[in-house]
Amino acid sequence: MKKLSRYVWPSFFLILVSSTIVIGWVAQLSIRGVAESQRRDDLVDRARLIHRLLEPEWWKGPVISTDALTELVGKSEIRVTLIAPDGVVIGDTAHDAQSMENHGVRPEVRRAQSDGMGWSIRSSSTLDEELLYVAVVVDQSGAVVRTSLPLAYLQNHVHSFQMRILLVAIAIALLAGFLAWRLGRLINMPIRQLVRQAESDGGDGEVLTEIVEFRTLSKSLAEMRQALSERLQRVATQRDLMQAVLKSMVEGVVVVDANGSVVLVNTAAEKMLRLTGDPVGSDFVDVVRNPQILSGFHDTADELEPSTRSVTDYGATERHLNVTFVPLASGPDGLSGRVIVLTDITQITKLENVRKDFVANVSHELQTPITTIKGYIENLEDGAPAEDAKRFIQIIARHANRLSAIVSDLLSLSRLEQMSQVDSQRVDLTQIIRTAIHYTQSQAAKRQMNIVAELPDEAEYRAEGTLLEHAVLNLLDNATKYARASSEIRISLSQTETHYVIRVKDQSEGIPSEHIPRLFERFYRVDKAHSQRTSGTGLGLAIVKHIAQIHGGSVSVTSELGEGSCFSIKLPILQ
C-alpha cells in the first residue's frame with residue numbers, strides 16, 4: 001500500500017510533464033509551420049528582387065554561368081535557379097545550368113506557371129538534399145525564377161527554439177514537483193490524524209490543522225463513527241435474533257439470490273433436504289436432489305406471488321412436505337431472490353390417512369350388523385315361521401351384542417385418548433394378571449386351551465388397576481381366539497431395573513411381518529374373515545396401546561409364522 005504523497009507527487013509531475021510535452025509538440029508544429037511560411041515569403045520576395053536585377057528577357061539566352069549568377073545575386077544559403085518558359089535552365093547558383101535537365105516538370109514550376117507561384121519540399125536530384133523550393137512567374141512569357149533553401153537551415157532554427165522550450169519545461173517541472181510535494185505533505189498530515197481518529201477506540205480526537213474542511217470532516221467522522229457503532233450493534237443483535245429464530249424453527253428455510261445461489265439455510269431445511277457440507281454459495285439446483293422441489297423451483301421462477309407445492313421425499317423414510325416459494329422483490333427491475341419455506345406435513349398426512357381409514361372402518365363395522373339386524377327384522381315383519389323366527393331373533397341378538405361391543409370399545413378408546421394422566425394407586429400386578437386369567441379360563445376351556453402363568457408372588461406398582469386389567473384381558477382374549485385349539489398360552493411378568501414387562505405368548509399361525517407395523521391401529525385386522533367369525537371388534541389392540549401409553553409405557557409384538565406370537569406391555573418403574 002502506498003501513501004497519499006506518493007500518489008500526489010508523481011501524479012502532478014506526470015500531468016505537468018505530459019502537458020509540457022504536448023504543448024512543446026504543438027508549439028513545434030506551429031513554429032515549424034510559421035517558419036516555413038516566413039521562409040516561403042522571403043524566397044518569393046528574393047525571386048522578384050532577382051528578376052529586377054537581371055537583363056530584360058533574360059530567358060531568351062544565353063545561359064548564365066554559375067559564378068556570374070552568384071556574383072549577381074550575392075552569395076548566401078539561398079539557391080537561385082532561372083528557368084525559361086519551356087523549362088530550360090538558364091542559370092543556377094549551385095550547379096552548371098547546361099548540364100541540368102529540363103525543369104518544366106518540377107512540381108513547384110508547374111504550379112507557378114498555372115497559379116503564378118508554387119512551392120514544394122522535396123529532395124533535390126542535383127544536390128541530393130532536401131530543400132524548400134519556391135517558384136515565381138516573373139513575366140507574361142512564363143519565365144520562372146526559383147529560389148530554394150536547405151531544410152537543415154530551417155530545422156536548426158526550430159531546434160534552437162525547442163531547446164529553449166525544454167529548458168523552460170524543466171524549470172516548470174521542478175517548481176511543480178516542489179509544489180506537489182508541499183501540497184502532499186499539507187494534505188497528508190491531517191489525513192493521518194483522521195486515520196488515527198478513525199482507528200482509535202474513542203474516535204473523539206481533534207485534527208490539528210488550520211484547514212476548515214479537515215476540521216469539519218473530523219467532526220463528521222466522529223459523529224458517523226458513533227452512529228455506525230450503534231447501527232452495527234443493532235445489526236449484530238438482529239442477526240443473532242434471526243439466527244436463533246431460524247435455528248429454532250420447525251419449518252425449513254432456504255434463501256437464494258437472483259442467480260439461484262444459496263444465501264442462507266437453517267438446520268431444519270438441511271435435515272429435510274438431506275444436505276451435506278455447507279451449501280451456502282452453491283447453486284440451489286446442485287445441492288437439492290428432489291426432482292419435485294426442483295421442478296417447482298423452475299416453474300415459479302418468474303412468479304411474483306407465493307406458490308406452494310406438495311411434494312414427497314423418498315429418503316430413508318417417506319416424508320411429505322409443503323414447499324412454498326416466496327419471491328423477494330427488489331423493485332421494478334425484477335426479483336432479487338426467493339425464500340423457500342419447507343413444512344413437514346408427514347405426521348399430519350399420516351393422521352389424515354388414519355382418520356380416513358377409521359371413518360371407513362367404523363362405517364363398515366357398524367354397517368354390517370345393522371344391515372343384518374334390519375334384514376332379519378324385515379323377515380319377522382313378513383311373518384316368518386315360528387321355528388325360523390326363533391333363529392332370526394338369536395341372530396339379531398348376536399349382531400346387537402356385536403354392535404354394542406363395538407360402541408363400547410369406541411367409547412373406551414375415546415376416553416383413553418382424552419386422558420392426559422391416570423389416577424394412580426398402589427396395585428399388585430400379579431393379582432391383576434390372575435384376575436384377567438380367571439375371566440378368560442372359560443373361553444379357553446371351550447377350545448381346550450391351557451393358560452400357563454409365570455408370575456412372582458407380588459409385584460407392587462402405581463397404576464390405574466382397572467385399565468391394566470382391561471389391557472391384559474384383551475391380550476388373553478386375542479390369544480384364545482387366534483391360537484390353535486388345544487394349544488398352550490403362556491403369560492409372564494418380569495422385572496428389570498427400569499421396567500415391568502408383561503408378556504402373552506400364544507401358539508398361533510403367526511403374523512406376517514408386513515402387518516406388524518399397523519397391528520395396533522383401530523379396526524386393523526390381519527384375517528378379516530376370522531375376526532368376523534370370532535366376533536372381534538378390531539379395537540382391542542388399539543385399546544391396549546393407549547392404556548400402555550397413558551401409563552408412560554409401550555406395547556410391542558414379535559411373531560414367527562407357524563410358531564406363534566408374543567405381545568409385550570412395557571411399564572416404567574417410577575421412582
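Buried means under 20% relative accessible area, exposed means over 50%, and partly exposed lies in between. Keep those cut-offs at hand for this tour of a predicted model.

**Stop 1: the whole protein**

Show everything as a cartoon. The protein has 14 helices and 17 strands. Colour the 575 residues by burial, and 36% of them come up as buried.

**Stop 2: a salt bridge with a buried end**

Select Glu101 and Arg106. Their side chains meet in a salt bridge, with N to O at 2.8 Å. Is Arg106 buried or exposed? Its relative accessible area is 10%, so Arg106 is buried. Glu101 has 48% relative accessibility and therefore counts as partly exposed.

**Stop 3: a bridge between two strands**

Select Asp344 and Arg319. They form a salt bridge, and their closest N and O atoms are 2.8 Å apart. Which strands does this pair link? Asp344 sits in strand 10 (residues 334–344) and Arg319 in strand 9 (residues 318–331). The two residues are 25 residues apart, so the pair links distant parts of the chain. Asp344 is partly exposed, with a relative accessible area of 31%. Arg319 is partly exposed too, at 24% relative accessibility.

**Stop 4: one more pair, then a network**

Select Arg490 and Glu488. Here is another salt bridge between side chains, at 2.8 Å from N to O. Arg490 is partly exposed at 33% relative accessibility. Glu488 is partly exposed at 26%. Next, select Glu108, Arg122 and Arg146. Salt bridges with shared partners join these three into one network. How many salt bridges are there by this rule? The count comes to 13.

**Stop 5: along helix 4**

Select Met163, Leu166, Leu167, Ile170 and Leu174. They form a nonpolar patch on the surface. Together they have about 490 Å² of accessible area. Click on Leu167, which lies in helix 4. Leu167 has 57% relative accessibility, so it counts as exposed. Keep one rule in mind while you look at a helix. An α-helix has 3.6 residues a turn, so residues three or four places apart point the same way.

Now select Arg182, Arg185, Arg192 and Arg196. They gather in a patch of positive charge on the surface. Arg182 is in helix 4 (residues 151–199). How accessible is Arg182? Its relative accessible area is 45%, so Arg182 is partly exposed.

**Stop 6: two loops with positive phi**

Most residues other than glycine have a negative phi. Select Arg274. Its phi is near 55°, a positive value in a residue other than glycine. Arg274 is in the loop between helix 6 (267–273) and helix 7 (284–287). It is partly exposed, with a relative accessible area of 45%.

Then select Ser486. Its phi is near 60°, again positive in a residue other than glycine. Where is Ser486? It lies in the loop between helix 12 (465–482) and strand 14 (488–495). At 48% relative accessibility, Ser486 counts as partly exposed.

**Stop 7: His399 and its contacts**

Select His399 in helix 10 (residues 386–418). It is buried, with a relative accessible area of 16%. What does His399 touch beyond its neighbours within four places in sequence? It is in contact with Pro369, Thr372 and Ile373.

**Stop 8: an enclosed helix**

Finish at helix 14 (residues 540–550). Why is helix 14 called largely enclosed by the rest of the structure? Eight of its eleven residues are buried. Select those buried residues in helix 14: Leu541, Ala542, Ile543, Val544, His546, Ile547, Ala548 and Ile550. Then move on to Gly552, which follows helix 14. The phi of Gly552 is positive, near 85°.

Notes:
Residues numbered from 1 in each chain as written. Predicted model: local features only at pLDDT ≥ 70, side-chain atom pairs only at ≥ 80, totals over all residues. Heavy atoms only, no water. Patch = residues over 30% accessible without salt bridge, like charges linked within 9 Å, V, L, I, M, F, W, Y side chains within 5 Å. Areas by Shrake-Rupley, 256 points an atom, 1.4 Å probe, with all protein chains shown as cover. Salt bridge = Lys/Arg side-chain N within 4 Å of Asp/Glu carboxyl O. Lys, Arg positive; Asp, Glu negative; His and termini not counted. Charge placed at Lys NZ, Arg CZ, Asp CG, Glu CD. Helix = DSSP H or I, 4+ residues; strand = E, 2+ residues; numbered from the N terminus. Buried < 20%, exposed > 50% of the residue type's maximum accessible area, 1.4 Å probe, protein only. Contact = heavy atoms within 4.5 Å.
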